[in-house]
Each structure stands twice: as C-alpha cells, then as structure tokens.
Amino acid sequence: MPLFLSESIIKIIGSKNAVKQKTEKTQKGRSAVKYIIKRDKRQVPFDESKITACIDKAFEAAQSDERDNRSLMMSLTLDVLKKLEAEYNGHPFTVENVQDLVETVLIEKGFAKEAKSYILYRQRRTDIREARSELMDAVAEIVKETTRDNANVGNSPSAKVLQISEAASKSYYLKRMLPPEEAQKHLDGDIYIQDLGWYGKTLTCLQIPLARLLRDGFNSGHGTIKTPKSIRSAAALSAIILQSNQNDMHGGQSYAYFDRDLSVYVEIERARQDKILRGNLEELGLTASEEEISSLVNKHTYNETFQAMEAFIYNLNTMSSRAGAQVPFSSINLGTDTSPGGRMITETFLKAYERGLGKGESPIFPNLCFKLKDGVNFEPEDPNYDLFQLAMQVACKRLFPSFSFLDASFNNVYGEEEVGYMGCRTRVIANVNGPQETDGRGNLSFTSINLPRLGIRAGRDMAHFWKYLDETMDFAVKQLMTRYNIQKNLKGKDFPFLMGQHLYMNSEDIGPNDKIEKAIKHGTLTIGFIGLAECLVALTGTHHGQSQASQALGVSIVSHMRRRCDEASKKHSLNFSLLATPAEQLSGKFTKLDVERFGVLPGVTDKAWYTNSFHVPVEFEVTALDKIALEGPYHKYCNAGHISYIELESAPGNNIEAYERIIRAMAEADMGYGAVNFPVDICKKCGTSGLLNEEFCTKCGSTEISRVRRITGYLSTLDRFNDYKLAEIKNRHKHDE
C-alpha cells in the first residue's frame, strides 16, 4: 500500500530534497492511515512526525551516536509506517499500538539497546501518567468531601487543601522517593507505611518539655514569649505551645507532667493574689486576720486556676493548627503531683473537663491520661486518692480520663522517672542512645505489619508462618531505616518550632542549617501490627478468646516480634520498638486487599475490618474481667504503646465502685494503659446528655445530636468515623456482665 509522508515529518527528518521524489510518487495515493485514538479516547488526525519523534526519544535515551543520522531516522520511520498500514489497514489504532511497532522495528533492525531504552522510557511515562491520573481521582474525591481516614480532620476548605497536599505527597513518595520494593509492599498490603504523606519531611510525635519552655520563654515565630506571671497566662501559653509544635509534626503533642509543670504557676498566682488582696485591704483601710487572708487568697487562686484550666480546654477544642485544618492532636498526663499547686491543677482540670464545653458537650481534646501509682493515689490512704476518685467520676461521664499504671512491671523499672502516654497509646521512654526519659522525645515513624496475611499464606504450617514473620520483620526494619536515613538529614530550619526552640532532646546546639540526627537518634522507630485475632484463626481455627492454645500462640507471636525489635535496636544503635497499632483507616484497607487476593475466609476476611492490634474481636462475647485477663499479657511486649478497652452499654453514672473494679482489674493484669467505653450523646441545642434516641433529643426534639465515641485511643464524633470503624462500632459486644 502506498505511503504518504506529511510536511511535518519532512521537517523532523530535515531534508526536503532527499524525500522530494518519494513524496511526489506517493502524492497520488494518500495513506489510509488518517486517524489515531489518543489515550483519553479522542480520535485525532494522524501525524507521522510523531513516529520519528518516538524513534528520536529511543536513540536519545540510549545516548546513541546514530541519533543525528537523518537518513536512518527516515528509514526507520518508513518501516514503522509500513507495519502500521499492513497490520491495521484502515482500522482504528491507538498511541500504544504505534509505540509497540516502534519497539518491534528497532529490535528487527538490530537496535536492541535503543529498543530497551525506549521500553524503559515508555514505562516511566506510563508511571507518571498513572500517578497523575490516580492523584487527580483522589483530588476529585477530596474536593467533594474530605476522606475520613483521620477522624480529627473536618470538611473545611483548609482540611480539603491539607488532604489534597497529602495525596500529592503520597503519590510523589511512592513513585519517586521510596525504593520500588518498599513502595510495592505498601501498595500490596504486606506492610503499611503510616502517615506516608509526611514521609520525608517531618517526625511523628513528641512529649513536650513544658516546664522548660515556660521557665525560659520561647519564640513561636513572631517574637519571644516571656515567662508567665499568672496561671491563666501559663495555661494559655501551654495551649499555644501545643498548637505551634503541631504545625511541625504530623502526630500527637503531649505533656507528660502537666500537673507538676504548672504547679509552680499556681504558687506564683497565689503570691499574686496575696499581694492584690493585701493592697486592696490597705487601700480601703481594712484589716483581716492571716487566717482570713489565707482563706481568701486560696479561694481566689482556686477560681483563677479553674478558669485557666477551662480556657485551656476551650482553646484546644477551637484553636487551629496545620493551616486551619484541625485542632491540635493533644494529650496531657496528670495525677501524681502531691504538692498543693499540682493537686489544684489536677482537681480544677478534672472539674472543668467534667463541666464540658459551652452547652455541656464533651471536649474532644485534650486526650486525658490519669497516672496511677501505689503510695500516691491508688489506695485510700494515699495523698491523691481523692483525685483518683474524682478522675473516675469524670470518666464515668466524659469517657476521659484513661488510666495509665506506673506500677506495671515494665513501667516501674524507671524509678522516679514516670512513664507518660499519649491518648492514641504511644509510649516512649527506653533509650539506647542516652537518658531513659519521656520529656523531649517521641516516635519518629512507624510501619505496620499485616499479620492476618501471614497467617493466611502459612495456612496451618507454623514453620512457614515463622519464616514469613521474620522476613516481614526484617523488611519493616529495612523500611524504617530507609525513612530514618531521610529524616536524619533534615535540617533545623525544617522544624522552626520543634528544633528552633530545642524541644527535642539534645537539640540545643542544632542551628538552622545543621542536620538533626544528633537529636532524633533519641526517638523511636516503631513496628506495629494489626489483626492478631484473625491471624490466629487462619493458623489454628480459633482466636485467643476461644482457645488457651491460641492465646499461648498469640503471646508467642507478639513476644517474638518484640525480640526482633530489640535485636534491631542493638544492631543499628537506634530505638526500635513494638506498637499495638492504633488502626483507623488501616483496619479496613488491609482487609479489602486481602479479600481481593484470598477471597472471603470465615473468621478472617469475612468482616469489613481487622481487629485492632492484639485485642479480642469486638464482637466476641466475653466478660469484662475475662477480656482484661486475655489482653493483659500483651502490654509488656508492646513497649511503643498499648491500650485495652472495656465496652459498657451506657454511662456508669454514679456507680464508681463498679468502674473502680474494672480499673483495678487492669492494674492486676499488668496492663500499662486502659480505658472504659460507652456512648456519650449530647444534644447540641439544649445540652441534654446520655444515651439519646437514635433520631432526636428526648427533651427538646432536636436532631442535632453530637455522638461521641472513642476511636483508636482518642475521641471523635460518629459522623467523622470511616465506614470500617462505623461497622466495627455497631458490632462491639458490651462487657457489662
């Protein structure tokens, strides 16, 4: 069939005279190749010059000296055109069809190197197009409504922009920064790289050294903030610190010693109130006894402290971080300071938290952790036992506080250094590179393992399972090292507040252009896991709530993972630790991928979610005490963080004795961190609280009801839960009996 070379191809080949005669000969019979189908399905006029451009790209990619051989370019172009007309003969063809023929011709004509280079070039272009397409699809969904991967992110314009930027970052890191094998295992669902959108630019979380920042002052970017002179100022600055550091990190911000660190400002407030009162008495010519003055000063100090704590709670539920996309993901620990100032901080905070927000709504933040310690607050004769009773009273209404147990076998080994937790469950204290302290340290990053998949792959063959587990642990360590080697080369100026104000341990000498490794080597690199229950079903046919043998195997699996983390710490001189993953969106993502790969397997992939970490399945019927006994043994192995819950049908109300029995059972089971869940429904219009009608308030009839539930350690409202977690909550068995 005759061929026609267009004017555009003549220009690319660069020699009109050389092809003039051939053009004249073929002018009478134009090619039947007139249209081509683009990748977006549009049909457009066919341009033969594109073939020459493809061949040129192949020779360019191969760095071939023949690239300037115009005669060769023309000859190869004609060969492709001949094949195109012979194979399609007027039928529709696509861009990919033409590119396939270019590869074929290059190979047939002996240009194997150029063909290989062109294949690789095409693949890179395909990857870019696919990434762009996936990104645009993700952005389109976010523009309609933000994803519910994080229940702390709303649906505001700022939240949409944040999630769009995260989607773009994820695409970039997967396609450009991660080693291909690591990216693929994340996409396949063998592992999950948490907070991938922040992969190469920041760290996860921090226990902030509040006392030092308030004592020495700090600069949040627009000037130095001096030491506060009142408890209200101290509380306001404490909220600002949380907000400022949240802008530098993707994870939680926490105070490990909130009562202790603010107690000094209660005494400053007391002295201020004393001075004001005596001045007023003198100005009015009045007198009062020292006892009367002391009583009034204490009353005024208490009122000021209460107002300060109430304002702190209000601030953390209203002030924005991350360009306005969310409130700070904040936690505070308190309960063990026995000084008058520390006790007042704890008491007023708990009472302000119990009061709630403006219409009685439950505060979502901060996450509140009450630390329990024998000799301090755990027994009736202890000095802060009354505060423990108050903490349980508040928890019976507001869900928070949760409770940490400083006398647990793995917490009491640190002597006077108290272990702090974050609301999500994170725990950081052991350190192979320096002081074993909580303040000034946090998690750098974490990667979670899909345990059910390992169980499914192994079937009932335990030898294969242990092999798969070790391989996956090795890979997770490798992936965390890849990320750490990126993080350690970040500079002080990348963290204006975190490093600029020296919040991280050993960051005092880090300047704007200095790398941050000397500080972050004190942080933790964490391997998490999800779905122990489903893994056990795949391996044995029963989970750990159904069989003592499965329970023993479950403990063996988790203890083995912890040993592998300890080995990695020794090998790399970094703090590798094991986390009971707080799976939010991950609980459903792993399951969906495994259903696609393995189908629906009873007891394993037959629900919309995998069970959180080492927990007994939420739908399993078990008593509160039995659940505590089953989950307690796992806490000591999960040194990066852990939590266990008991589910109640409704708020305990005034039944503090029953609530206390649950908390004491957790302590006896050697748990580190525990909480009690129940529905908290509050009418936004009239403030009526309790378990309300499904559709409207029983008092005023309003349908505007805030339904607060706990999710992965912190609180949120049901409307922000993703579909996986909504399904899980509906199936949660109550442990009242």
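Is Gln184 buried, exposed or partly exposed, and what is its relative accessible area? The model is predicted, with local features requiring pLDDT of at least 70 and side-chain atom pairs counting only at pLDDT 80 or more, while totals for chains, interfaces and linings use all residues. Residues are numbered from 1 along each chain as its sequence is written, and side-chain values use heavy atoms, with hydrogens and water left out.

**View 1. Gln184 in helix H8 (residues 180-188).** With a relative accessible area of 41%, Gln184 is partly exposed (buried means under 20%, exposed over 50% and partly exposed in between, for a 1.4 Å probe and protein chains only). Its C-alpha atom lies 8.3 Å from that of Leu174, 10 residues apart along the chain.

**View 2. Packing of helix H10 (residues 231-246) with helix H11 (residues 258-284).** The axes, which are lines fitted to C-alpha atoms over the stretch in contact, are 8 Å apart and form an angle of about 150°; H10 and H11 are therefore roughly antiparallel (angles run from 0 to 180 degrees between N-to-C directions, and those over 145 count as roughly antiparallel). Ile231, Ala234 and Ser238 of H10 meet Leu262, Tyr265, Val266 and Glu269 of H11, contact meaning heavy atoms within 4.5 Å.

**View 3. Thr426 in the loop between strand E10 (402-405) and strand E11 (443-450).** Thr426 counts as buried, at 11% relative accessibility. Leaving aside neighbours within four places in sequence, Thr426 is in contact with Cys205, Gly420, Tyr421, Ala640 and Gly641, and the C-alpha atoms of Thr426 and Ala580, 154 residues apart along the chain, are separated by 9.0 Å. Helices (H or I, at least four residues) and strands (E, at least two) are DSSP runs, numbered from the N terminus.

Technical notes. Parallel < 35°, antiparallel > 145°, perpendicular 65-115°, else oblique.
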